[in-house]
Amino acid sequence: MPRVIMSLPGDIVVRVLCECTRTPGEGPGLPRYHHTSDYSCILSISEEEARWKALNEFLSTRSYVQGFTFSQADVEVFRQLPSPPGDPHFHVVRWYRHIEAIYDVSNEKHDSSCQLRTSKSKRAQPPWSPPQGTKQPKLCLYNSLTRNKEVFQPQNGNVVTWYCCGPTVYDASHMGHARSYISFDILRRVLRDYFKYDVFYCMNITDIDDKIIKRARQNHLFEQYREKKPSAAQLLEDVQTASEPFSVKLHETSDPDKKQMLERIQNAVKGAVEPLEKALRNRLSEEELNQHAEVVLQEAKDILSEWLDAKLCSQVTDNAIFSNLPKFWEEEYHKDMAALNVLPADVLTRVSEYVPEIVDFVQRIVDNGYGYVSNGSVYFDTMKFDTSEKHSYAKLVPEAVGDQKALQEGEGDLSISADRLSEKRSPNDFALWKSSKPGEPSWDSPWGKGRPGWHIECSAMAGSILGESMDIHGGGFDLRFPHHDNELAQSEAYFDNDNWVRYFLHTGHLTIAGCKMSKSLKNFITIKDALKKHTARQLRLAFLMHSWKDTLDYSNNTMESAIQYEKFMNEFFLNVKDILRAPTDATGQFEKWDNQEIELNKSFFDKKATVHEALCDNIDTRTVLEEMRSLVGQCNSYIAGKKSARQMPNRTLLENISIYLTQMFKIFGAIEGDETNIGFPVGGYGQTLNLESTVMPYLQILSEFREGVRQIAKDKKVSEVLQLCDALRDDVLPEHGVRFEDHEGLPTVVKLVDRDTLLKEREEKKKIEEEKKRKKEAAARKKQEQEAAKLAKMKIPPGEMFKSEHDKYSKFDENGFPTHDTEGKELSKGQMKKLKKLYEAQEKLYKEYLQMVQNGTAN
């Protein structure tokens, strides 16, 4: 065999050394080749067919994959060949066509030298134009600082610094908290997991506040009062005394919602006092008196606590009383957030841990000329700040400046007494540091014993963690003024800038069936109570179905919409998983695409583009969920069409769509965990075991076994076995969260569904069946009654049918036919004609009856 030797590119010479010798066994004209300088020994073969065979054998050793390049010797041989050989000589044909393609035959007459068209000169690549593409939307967020949607641009590359106002922990977390923290959790997840920003999320816990101080003090004094076990008479006297200032407060209250709340408390106390008074008058037993007294204590707790606090507040000096309450409710808050699948903050700051930083922050504001000391307290000078060239007060709600009601609410119940208000230079000024009175916790400061104001805590803590400017600040809509406007003022006074916050995001209010929700008005639903009625996913879906910045009404209709949405999506996931479980080989999973698949795939990509646009548009989750619902609707139609045609849907396409939808739900926090499974996990939030992958193989075996048994029972007509199979499907398996769906001519569909959902479905199915049965029985009774009435009518001889109608007729002929009305007047011809028709009809019925009697079928 020949050996091809290749040298470096640019100086490639093929040296074919051959020697034409024959050895035993070789046919005539088939040479054995040795190395020589040209093809002369091959071309010297006189027989054409033998020459082609020899050349084909020689060229078969050349590797075109490794980049074999032709030499002048190849060209010389090529020029001597008139045309390529036939197909059997594959290697010669390939060699010939290749040289023909790059050899410039046009110069043959003018230049006998080798003219090879090289890719660098003669066959240059054509010019390339980049695609135009389409304009991609940019993420825009509604910025309360401009009251417009603004393009979101972080200050430092891909890093997003975010501070969120946390709860004031003096009571149970309620759905108002859920509205804010679930909404921000969704926004945070979308920025982090969809837009791929590096989000650094900081949140505070307010554990020093007028509300906390007052509630802790009142709880302490009320428990002391209970422990003294006052007599029934003493309790009634104290409630009467405490009710006097409460009645004054009620009379002076102008807010209609607060007035209504106070009236409810007053009425409840009156309703509890009357039975105790009656029991005292009737001298009931001590045990009965204690029972009535306990009811009074419960109902009058608010009234008694206010009264005790007004009398004894200065006696509460133990700081632990003021720290134990927020510690307890902070723990409950974190449990609630975990139950709602709200991500914990990257940094959590507590006011009680940042008092030294707050003192330093206040001192610098004073040093910068925007704060002043008054009677041991420090106030922010809003006028001085607003008149400076660099600053502007109330950036968020400038129209609210001067709203004393809002300002006093921001100062706190313990900080709006006449002496406190007189310490200010202007009513619009607010406290940075409050001097402590007896009965209040206190810390050392350059201005004496005191505690932080409400607004200053966020500025100091956020500034300590995030620095002089942050990308996003978030909070509830009701915090815009004065809290957030005051935060902005004091922070920009401290840092001497005008851009402490770049984007201010505020979540919308939450109402309960159209009514304002407020903890202070005792009109709220705790998160724990809400989770008793609905799952965390259902609550989150309800929020996702509304804009995060608008008011959300928490009502039965809202939650029913979320439940139905979850059910709709879950059924799709279950159906796709059933399709994917169908056995197939490695190649069977790739089916040919017809128009149906092409159209569905196009719609899939269109929907993804629309979803992206919606997320860029202020993270519009409402539109996203509607687009996802629409996509699933199209998939359901596609699956139904395939099943009706007895064809398998395209597994890969449906799997891709399901994975995308699952991923979106994960991004929104509606699916917990990092598993790559499709759809909603079975077992709810916190389910660590992949229940579906664990039990489904066994359920599939059970389903196939049951299907075989049913088929045998059908063939043998054994109804008892069919009833047992139905009982397994309808009664046994739902108790364990398993649904079997039987379809005529198709395998049973196996689905893992939440047990409570299945039991509810079963009850609804039973109600429907019972209603059908009731209607059927009622229809049968009605039919029976109609037949009985008809039979009774048939029994009446025609001559008797009018005789009982004495209120209409007075005289009859010999056949019982009426002739005169009740007044004795002869009936008209028209009346007689109508009666005759009735008479003849009855005559016909009576004859039918007589025939039935004769035949024995009258009963």
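## Proline 482 and its cis bond

Proline 482 lies in helix H17, which covers residues 480–495. In this predicted model, the peptide bond that joins phenylalanine 481 to proline 482 is cis. Its omega is near 5°.

Asparagine 341 is not a glycine, yet its phi is positive, at about 60°. The residue sits in a loop. Asparagine 341 has 9% relative accessibility, so it counts as buried; the cut-off for buried is under 20%.

Alanine 394 also has a positive phi, near 65°, and is a residue other than glycine. Its place is in the loop between helix H13 (382–387) and helix H14 (404–411). Alanine 394 counts as buried because its relative accessibility is 3%.

## The second largest pocket

The second largest pocket has a volume of about 880 Å³. It is lined by 33 residues. Closest to the pocket centre are Thr535, Gln538, Glu566, Asp754 and Thr757.

By residue class, the lining of the second largest pocket holds 13 charged, 11 nonpolar and 9 polar residues.

Conventions. Residues numbered from 1 in each chain as written. Predicted model: local features only at pLDDT ≥ 70, side-chain atom pairs only at ≥ 80, totals over all residues. Heavy atoms only, no water. Helix = DSSP H or I, 4+ residues; strand = E, 2+ residues; numbered from the N terminus. Buried < 20%, exposed > 50% of the residue type's maximum accessible area, 1.4 Å probe, protein only. 1 Å grid on protein atoms, 1.4 Å probe; cavity = no way out; pocket = protein on both sides within 12 Å on 5 of 7 lines; lining within 4 Å. Points joined across faces, edges and corners; volume = space filled by probe spheres on them. Nonpolar A, V, L, I, M, F, W, Y, C, P; charged D, E, K, R; others polar.
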